[in-house]
Amino acid sequence: MMGSGGWPGSGPWFGVTSMWLIPLVVLGVIVWLIFRSRDRSVSERFAQPPPDTARNILDRRYAAGEISREDYQRMKQDVE
């Protein structure tokens with residue numbers, strides 16, 4: 001059976017359904033994006049870097065040139 005416009009599915013209910021379906025889908029995507037970004041920002045806000053170990057601090061100071069090679073070797077033995 002044909003709808004009122006001559007095309008299948010073009011009856012009065014098809015217009016109402018498509019008129020509400022598209023904005024509902026768009027609204028759902030917007031809400032999903034908001035909650036997704038909110039969850040990500042909360043997890044990033046509370047994420048903490050792992051604590052530094054004495055060896056990592058020593059390696060960083062040696063790489064930055066704050067201590068000499070001899071001091072680095074001596075301190076490395078003390079740490080280990």
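**Overview of the chain.** Buried residues, meaning those under 20% relative accessible area, with exposed over 50% and partly exposed in between (1.4 Å probe, protein chains only), make up 5% of the 80 residues in the protein chain. This is a predicted model, in which local features need pLDDT of at least 70 and side-chain atom pairs count only at pLDDT 80 or more, while totals for chains, interfaces and linings use all residues. Residues are numbered from 1 along each chain as its sequence is written, and side-chain values use heavy atoms, with hydrogens and water left out. The protein chain has 3 helices and 0 strands, where helices (H or I, at least four residues) and strands (E, at least two) are DSSP runs numbered from the N terminus, and along the sequence the pattern reads α-α-α. The accessible surface of the chain comes to about 7200 Å², of which 65% belongs to carbon and sulfur atoms; such areas come from the Shrake-Rupley method with a 1.4 Å probe, and for residues only the protein chains shown count as cover.

**A nonpolar surface patch that includes I34.** The residues L21, I22, V25, V26, V29, I30, W32, L33 and I34 make a nonpolar surface patch of about 850 Å². Patches are made of residues with over 30% relative accessible area and no salt bridge, like charges being joined within 9 Å and nonpolar side chains (Val, Leu, Ile, Met, Phe, Trp, Tyr) within 5 Å.

**The salt bridge of E80 with R55.** A salt bridge is a side-chain nitrogen of Lys or Arg within 4 Å of a carboxyl oxygen of Asp or Glu, and E80 forms one with R55, the closest N and O atoms being 2.9 Å apart. This pair links distant parts of the chain, with E80 in the segment after α3 (69-79) and R55 in helix α2 (residues 54-63), 25 residues apart. E80 is exposed, at a relative accessible area of 66%, whereas R55 is partly exposed, at 29%. R55, D59 and E80 are linked in a network of salt bridges.

The whole structure contains 5 salt bridges, among them one in which the side chains of D52 and R60 meet at 2.9 Å, N to O. D52 is partly exposed, with a relative accessible area of 46%, and R60 also counts as partly exposed, at 47%. In another, the side chains of R74 and D71 meet at 3.2 Å, N to O; both residues lie in helix α3, 3 residues apart, about one turn of the helix. R74 is partly exposed at 45% relative accessibility, and D71 is partly exposed with a relative accessible area of 28%.

**The aromatic pair of the structure.** The structure holds 1 aromatic pair. Y62 and Y72 form this pair, which is stacked, at 4.4 Å centre to centre and 20° between the planes. The two residues link distant parts of the chain, Y62 lying in helix α2 and Y72 in helix α3, 10 residues apart. Rings of Phe, Tyr and Trp (its six-membered ring) pair if their centres lie within 6.5 Å, and planes under 30 degrees apart count as stacked, over 60 as edge-to-face and the rest as tilted. Y62 counts as partly exposed, at 30% relative accessibility, whereas Y72 counts as buried, at 9%.
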